[in-house]
Amino acid sequence: MANSITTAQKWIKNADAILVTASNGFSISEGLNLFANDQKLHEVLGDLTDKYNIPNFLTAFGYNYSNELDRWRAYGRITEYYSHNYHPGKLMSSLKKIIGDKPYYIWTSNTDHHFALAGFNNIFEIEGNWLNGICRAHPKEHGITNLQDKLHNIYSKDQQGTLENDDIPKCDQCGEPLSLNLASENFQIDQNQLEGFSSFVQKYQMDNILVLELGIGPNNQMIKGPSTQLIAATEKSRYITINKGQVSIPDIISERSIGFSSSIDDAFESLLTGKDLGLKITGPKGPQPELSPTQQQEQTEFLKQIFPSYMIERGIRPSELSMYMTIDTEHLSHLHLLEQGQAWMYSLGNSALVHCFTKDGKYYQVKLGLDKSKKQVHGFYIEPGTAVAFEDLNDNGAGFSQLNGSIPSNSSGQVLIPKKDALIEMFPGQADVINRLSID
Ligand SMILES: [Zn+2]
């Protein structure tokens with residue numbers, strides 16, 4: 001696996017920017033397991049563990065305490081241990097070495113605030129962090145409050161036995177109680193973090209961006225989904241995923257992906273030193289075999305039915321076709337079913353509307369274009385098994401819309417026509433759309 005390590009090192013070295021994504025596997029590597037019922041839970045939460053029969057730290061945050069003081073005691077004890085007394089270890093220093101002086105952003109669902117406490121600046125905490133509070137009565141209106149000092153104060157008084165109701169943090173605008181700003185119906189996204197993150201993605205999405213994924217399980221799609229779609233939609237980007245036990249890499253990006261099924265510590269050491277530690281490493285996969293000329297011809301005939309006006313470039317990557325599709329109000333693309341995932345990007349002219357019918361019965365639309373205020377996206381990845389059609393939105397006066405897609409070319413018949421009647425039966429609410437977009 002020495003080759004994979006060298007390749008991964010080269011990807012890091014050549015990256016224009018690094019997007020670090022991290023979830024609870026990273027926290028666990030740092031010694032914080034939100035889900036475990038172990039000695040640590042008792043040690044940190046103390047008498048509250050048995051008093052409320054709390055099975056893990058995650059529950060301790062969401063628990064409906066009968067006593068408000070106990071609620072804040074629990075918050076104080078956990079945040080004191082895991083955030084106030086937090087000392088960044090080897091994992092964080094290795095990550096800093098890997099990032100070097102490249103532009104980076106950290107996108108995490110971890111609420112422990114460790115990346116910030118370790119000195120990183122560009123962070124998007126998509127589920128908030130437990131050192132911030134919001135007004136319980138006016139969560140949207142009264143902003144996010146930093147409770148770092150207050151929580152430490154609560155912990156100290158709790159230890160001295162002097163904690164009183166007056167010590168419970170209140171909203172400084174209306175005096176109502178605060179909640180921690182964590183996943184709940186009132187949760188508020190930090191707009192500054194979100195804006196910083198969006199600008200980062202916009203700035204580097206067409207460049208050589210490296211996604212370094214740390215401890216995100218295959219079933220956790222909240223960050224993994226969109227970040228792998230970002231890779232799929234941009235040809236130069238690369239993906240390195242580290243997850244002990246199981247790594248998952250979507251087929252469409254497998255040529256540009258390397259997975260370490262190992263501890264993050266070991267993978268970091270391997271990436272930093274180039275040493276082969278005998279880790280289980282997969283990828284990058286070699287290109288898939290090309291079609292024969294007859295198969296290519298068959299595929300071309302087939303594609304013509306679906307995309308009346310298109311142009312294909314072969315040979316940029318052997319296993320992928322780069323396709324430029326032009327649609328106008330008279331010539332839309334017809335509904336077709338994807339056996340493999342595809343990435344599509346807006347390139348010229350009017351914006352386009354993409355209709356997607358997923359195999360599990362969901363219908364959604366995506367607007368491909370450049371106007372963010374109209375919720376348009378520049379590019380996106382369509383999951384395998386989706387029936388899809390494209391329409392010109394006729395909004396820029398261009399008379400046409402041109403899109404550019406990358407589709408796999410390694411076998412024929414990957415593009416299938418869904419049965420119109422079956423589709424209408426599955427999506428009765430979209431019967432009009434389906435009738436309009438189906439091949440007669
Ligand atoms: Zn308030």
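Trainee: At what angle do helix H7 and helix H12 pack, and how far apart are their axes?

Mentor: Two packed helices are described by the angle between their axes and the distance between the axes. In this predicted model, helix H7 (residues 90-99) packs with helix H12 (residues 264-273) at an angle of about 35 degrees, and the axes are 10 Å apart. Their crossing is left-handed.

Trainee: Which residues of H7 and H12 meet?

Mentor: H7 contributes Lys-90, Leu-91, Ser-94, Lys-97 and Ile-98, which meet Ile-264, Asp-265, Phe-268, Leu-271 and Leu-272 of H12.

Trainee: Where in the chain is confidence highest, and where is it lowest?

Mentor: Where pLDDT is low, the predicted coordinates should not be read in detail. The chain averages a pLDDT of 88, and 91% of the residues score at least 70. Confidence is highest in H7, at 98, and lowest in strand S11 (residues 310-317), at a mean of 54. Over residues 410-414 the pLDDT falls below 50, although this stretch has ten contacts in the model beyond near neighbours in sequence.

Trainee: In what order do the strands of the open sheet run, and what is the pairing?

Mentor: The open sheet is formed by seven strands in the order S3-S2-S1-S7-S8-S9-S10, with mixed pairing. Strand S3 (123-125) and S10 stand at the edges; each has a single partner strand, so one side of each is left without a neighbour in the sheet. From one strand to the next, the twist averages 15 degrees.

Trainee: How many bridges join S9 to S10, and what packs on the sheet?

Mentor: Strand S9 (residues 257-261) and S10 run antiparallel and are joined by three bridges. Within this pair, Gly-259 stands opposite Thr-282 in S10. Helix H11 (residues 221-233) packs on the sheet, where H11 touches strand S1 (17-22), strand S2 (104-108), strand S7 (209-214) and strand S8 (238-242). The direction of H11 makes about 155 degrees with that of S7.

Trainee: In which sense does S16 pair with S15, and in which sense with S17?

Mentor: Strand S15 (residues 352-357) and S16 pair in the antiparallel sense over six bridges, and Phe-357 stands opposite Tyr-363 in S16. Their hairpin has five residues between the strands, and Gly-361 in this hairpin takes a positive phi near 90 degrees. S16 and S17, in turn, pair in the parallel sense over two bridges; there, Leu-368 has Val-377 in S17 as its bridge partner.

Trainee: Which residues other than glycine have a positive phi, and where is a cis peptide bond found?

Mentor: Most residues other than glycine have a negative phi, and most peptide bonds are trans. Lys-375 has a positive phi near 60 degrees and lies in the loop between strand S16 (363-368) and strand S17 (376-377). For Asn-394, phi is positive at about 50 degrees, and the residue lies in the loop between strand S19 (387-392) and strand S20 (401-408). A cis peptide bond joins Gly-283 and Pro-284, with omega about -5 degrees. Pro-284 is in the loop between strand S10 (280-282) and helix H13 (293-306).

Notes: Residues numbered from 1 in each chain as written. Predicted model: local features only at pLDDT ≥ 70, side-chain atom pairs only at ≥ 80, totals over all residues. Axes fitted to C-alpha atoms, helices over the stretch in contact; angles between N-to-C directions. Helix = DSSP H or I, 4+ residues; strand = E, 2+ residues; numbered from the N terminus. Left-handed = near helix turned anticlockwise from the far one by under 90°. Contact = placed C-beta atoms within 7 Å. pLDDT = per-residue confidence, 0-100. Pairing = 2+ DSSP bridges.
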